[in-house]
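Subject: Structure handover

Hi there,

Here is the structure I promised to pass on to you. Have a look at it first, and then read on for my notes on what turned up.

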Amino acid sequence: MTRKLYHNFFNTLLLFIAILTSTSSCQKDLYYPVPNTSVEMRFNWNGASPDPQSEMRLYVFPETGHAYTKTFDDYNGGEVKLPKGQHKAIALTVDEEVMYVMANKYETAMVTTNTTTVLSPMKLMSMTAAPRPNGTQNEAVKMQASQIFADTCSTMTIVEGENVIVMEPKLIVDTINITIRGIQNIEYLKASSAAISGLPLGFNLAKMEPIYDPCTMVTGLEQSGENSVSGKMVVFGRPVKQDNTRVLLTFYTVLADGSKYYFNFDVTETVAVDSPDNPEEPDAPQKNIEIIIEDVTLPEPTQSGGFNPQ
């Protein structure tokens, strides 16, 4: 009887191990293919300086199977193990505090920024119903981007033996410098921020071009002179002028007594361009855009509750 129980237990144990081994092997083959060829990845920065808060990440897309992801400690590159064959690749700097990368497929790989609220730069996260310009209320509200560098490779062949791949990350964002000067009654100003509508939602990493679906981005403003405030906003390129294109800057203010006011300005002519950005062209638009707004008058404190238009 004891021998029979032992025999049944032993057979059951072998069956359990066989099932477990089979299941593990199947999952490994399906989700975690083992690459076996050494590739030296080199990133040529051409004198540029990546943001030290970001990390360098590589996405490799084989002809079949799942994408591989590799994060490098060194911005200049390093070794990665990949299977032989034809691949596509994307390399970019990533700051996960503000960025969101979607890279399931090469053709649709994109980067955008995390969603936020209009007044988040002033730490007024609970006030999600801040007034927005007409026609922009349905736009996603996004954090501004960081200094993102990226490059794409639509054909990458990995062979047996030594492989050296060189990619050249380029700056894919623009910076909008905002200055509001000649502010009357600035002594009553406690906090301020800016939101700009109609900006590109993100960046297509395969095509290396902005995604022109409009969004609203936000940034904080600080007093920068006796009667002025300023700030900057890092964005995914510039919107393209069309018949209905409007790029609007909203200046939000909170006064010392808690009263709140906002001001709308049309900055389409300053921010939008006639044709899509092409960084390879010598006459491509500058990466820095200057918005200067003159002569804004803040009301004297009234202790009013919500935001009031001016």
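Let me start with an open sheet of five strands, which follow the order β3-β2-β5-β9-β11 with antiparallel pairing. β3 (68-72) and β11 (170-171) are its edges; each has a single partner strand, so one side of each has no neighbour in the sheet. Two strands count as paired if DSSP finds at least two bridges between them.

Before going further, a word on the source. This is a predicted model, in which local features need pLDDT of at least 70 and side-chain atom pairs count only at pLDDT 80 or more, while totals for chains, interfaces and linings use all residues. Residues are numbered from 1 along each chain as its sequence is written, and side-chain values use heavy atoms, with hydrogens and water left out.

**Confidence**

The average pLDDT (the predictor's confidence in each residue, from 0 to 100) is 83 for the protein, and 81% of the residues score at least 70. Residues 1-33 have a pLDDT below 50, and beyond near neighbours in sequence this stretch makes six contacts in the model. Residues 279-285 also fall below 50, again with six contacts beyond near neighbours in sequence. A contact means heavy atoms within 4.5 Å. Where pLDDT is low, the predicted coordinates should not be read in detail.

**Overall picture**

The protein has two helices and 19 strands. Of its 310 residues, 45% count as buried. The cut-offs are under 20% relative accessible area for buried, over 50% for exposed and partly exposed in between, using a 1.4 Å probe and protein chains only. Among contacts between residues at least 6 apart in sequence, 73% join residues at least 24 apart.

**Back to the sheet**

Strand β5 (residues 85-94) is mostly covered, with seven of its 10 residues buried. On one side, β5 pairs with strand β2 (residues 55-62) in the antiparallel sense over eight bridges, and Val 60 stands opposite Ala 89 in β5. β5 is also joined by seven bridges to strand β9 (residues 149-158), again antiparallel; here Gln 86 faces Thr 157 in β9. From β9 the pairing goes on to β11, antiparallel over two bridges, with Phe 149 opposite Leu 171 in β11.

Thr 71 lies in strand β3. Thr 71 counts as partly exposed because its relative accessibility is 34%. Not counting residues up to four places away in sequence, Thr 71 touches Glu 55, Met 56 and Arg 57.

**Pocket and cavity**

On a 1 Å grid over the protein atoms alone, a cavity is a set of points where a 1.4 Å probe fits but cannot get out; a pocket is an open set with protein on both sides within 12 Å along at least five of seven lines, and lining residues have an atom within 4 Å of a point. Grid points are joined across faces, edges and corners, and a volume is the space filled by probe spheres set on the points.

The largest pocket has a volume of about 370 Å³. Its lining has 18 residues, and Gly 198, Pro 214, Asn 244, Thr 245 and Arg 246 lie nearest the centre. β13 (189-204) and β14 (209-225) are the elements that give two or more residues to this lining, with β13 giving the most, three residues.

A search of the whole structure finds one cavity of 30 Å³ or more. The largest cavity has a volume of about 50 Å³, and its lining includes Val 118, Arg 132, Ala 195, Thr 216 and Tyr 252. β13 and β16 (248-255) each supply at least two of the lining residues.

**Two backbone details**

Met 208, in the loop between β13 and β14, has a phi near 55 degrees, a positive value in a residue other than glycine. Asp 295 is found in strand β18 (residues 288-297), and its phi is near 60 degrees, also positive in a residue other than glycine. Asp 295 is exposed because its relative accessible area is 61%.

Best wishes

Definitions and conventions: Helices (H or I, at least four residues) and strands (E, at least two) are DSSP runs, numbered from the N terminus.
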